[in-house]
Amino acid sequence: KNHELGHYVWNLYMNDKQRKNYTKLYNRAITQGTGSFYREYWMIDREEDFSENFALMIMKEKIKVPQLQYRINYIRTIFKTL
């Protein structure tokens, strides 16, 4: 459910600048390889990655992957502007 809510946020609430900024973080993670992702599935595209990271943020999962935590922290900043 939280993953699907992430798609909803991506498509309906984020503006172009926010999606572009997230895409930069996603592209940086892609160049760093699978170690920058919680699961390889997330590497499919930026929206799937966002939706999964959104779900982790909602569930307040403890993440020990610094590159992943950086993207989750960016998602938190988006909610400060909504």
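Student: Let's start with Asp16 and Arg19 in helix α2: about how much of the helix separates them?

Tutor: About one helical turn, since Asp16 and Arg19 are three residues apart in α2. Keep in mind that this is a predicted model.

Student: Okay, and what do Asp16 and Arg19 form?

Tutor: They form a salt bridge, and the closest N and O atoms are 2.8 Å apart.

Student: Is Asp16 buried or exposed?

Tutor: Asp16 is exposed, at a relative accessible area of 60%.

Student: And Arg19, buried or exposed?

Tutor: Arg19 is buried, with a relative accessible area of 17%. The cut-off for buried is under 20%.

Student: How many salt bridges does the structure hold?

Tutor: Two. Besides the Asp16 and Arg19 pair, Arg71 forms a salt bridge with Asp49, where the closest N and O atoms are 2.9 Å apart.

Student: Where do Arg71 and Asp49 lie?

Tutor: Arg71 is in helix α4, residues 66-81, and Asp49 is in helix α3, residues 46-59, so this pair ties together parts that are 22 residues apart in sequence.

Student: Are Arg71 and Asp49 buried or exposed?

Tutor: Arg71 is buried, with a relative accessible area of 1%. Asp49 counts as buried too, at 0% relative accessibility.

Student: New topic: helix α1. Which of its residues are buried?

Tutor: In α1, which covers residues 2-13, the buried ones are His3, Gly6, His7, Val9 and Trp10. Looking down the axis of α1, you'd see those buried residues fall within an arc of 160°, so they line one face of the helix.

Student: And which residues are exposed on the other side of α1?

Tutor: Glu4 and Leu12 are exposed there.

Student: How do α1 and α2 cross, then?

Tutor: First, a bit of background: two packed helices are described by the angle between their axes and the distance between the axes. Here the axes of α1 and α2, with α2 running over residues 16-32, come within 9 Å and cross at roughly 130°. That makes α1 oblique to α2.

Student: Which residues make the contact?

Tutor: From α1 you have Trp10, Asn11 and Tyr13, and from α2 there are Gln18, Arg19, Tyr22 and Thr23. Sorted by class, the contact of α1 with α2 has three nonpolar, three polar and one charged residues.

Student: How far apart are the C-alpha atoms of Trp10 and Glu61?

Tutor: They're separated by 20 Å, and the two residues are 51 residues apart along the chain.

Student: What about Thr23, what does that one touch?

Tutor: Thr23 touches Trp10 and Arg46, again not counting residues up to four places away in sequence. Thr23 is in helix α2, and at 17% relative accessibility Thr23 counts as buried.

Student: Moving along, at what angle do α2 and α3 pack?

Tutor: At about 95°, with the axes 10 Å apart. α2 and α3 are therefore roughly perpendicular to each other.

Student: Which residues are in that contact?

Tutor: On the α2 side, Arg19, Tyr22, Thr23 and Tyr26; on the α3 side, Arg46, Asp49, Phe50 and Asn53. The residues of this contact of α2 with α3 divide into three nonpolar, two polar and three charged.

Student: Where is Met43 found?

Tutor: Met43 is in the loop between α2 and α3, and at 22% relative accessibility Met43 counts as partly exposed.

Student: What is Met43 in contact with?

Tutor: Setting aside its neighbours within four places in sequence, Met43 is in contact with Tyr26, Ile30, Gly33, Thr34 and Phe37.

Student: Last one: Ile30. Where does Ile30 lie, and what does Ile30 touch?

Tutor: Ile30 lies in helix α2. Not counting residues up to four places away in sequence, Ile30 touches Phe37 and Met43. Ile30 counts as partly exposed, at 31% relative accessibility.

Definitions and conventions: Residues are numbered from 1 along each chain as its sequence is written. This is a predicted model: local features need pLDDT of at least 70, side-chain atom pairs count only at pLDDT 80 or more; totals for chains, interfaces and linings use all residues. Side-chain values use heavy atoms; hydrogens and water are left out. Buried means under 20% relative accessible area, exposed over 50%, partly exposed in between (1.4 Å probe, protein chains only). Helices (H or I, at least four residues) and strands (E, at least two) are DSSP runs, numbered from the N terminus. The arc is that of the directions from the helix axis to the C-beta atoms. Axes are lines fitted to C-alpha atoms, for helices over the stretch in contact, and angles run from 0 to 180 degrees between N-to-C directions. Angles under 35 degrees count as roughly parallel, over 145 as roughly antiparallel, 65 to 115 as roughly perpendicular and the rest as oblique. Contact means heavy atoms within 4.5 Å. Ala, Val, Leu, Ile, Met, Phe, Trp, Tyr, Cys and Pro count as nonpolar, Asp, Glu, Lys and Arg as charged, and the others, Gly among them, as polar. A salt bridge is a side-chain nitrogen of Lys or Arg within 4 Å of a carboxyl oxygen of Asp or Glu.
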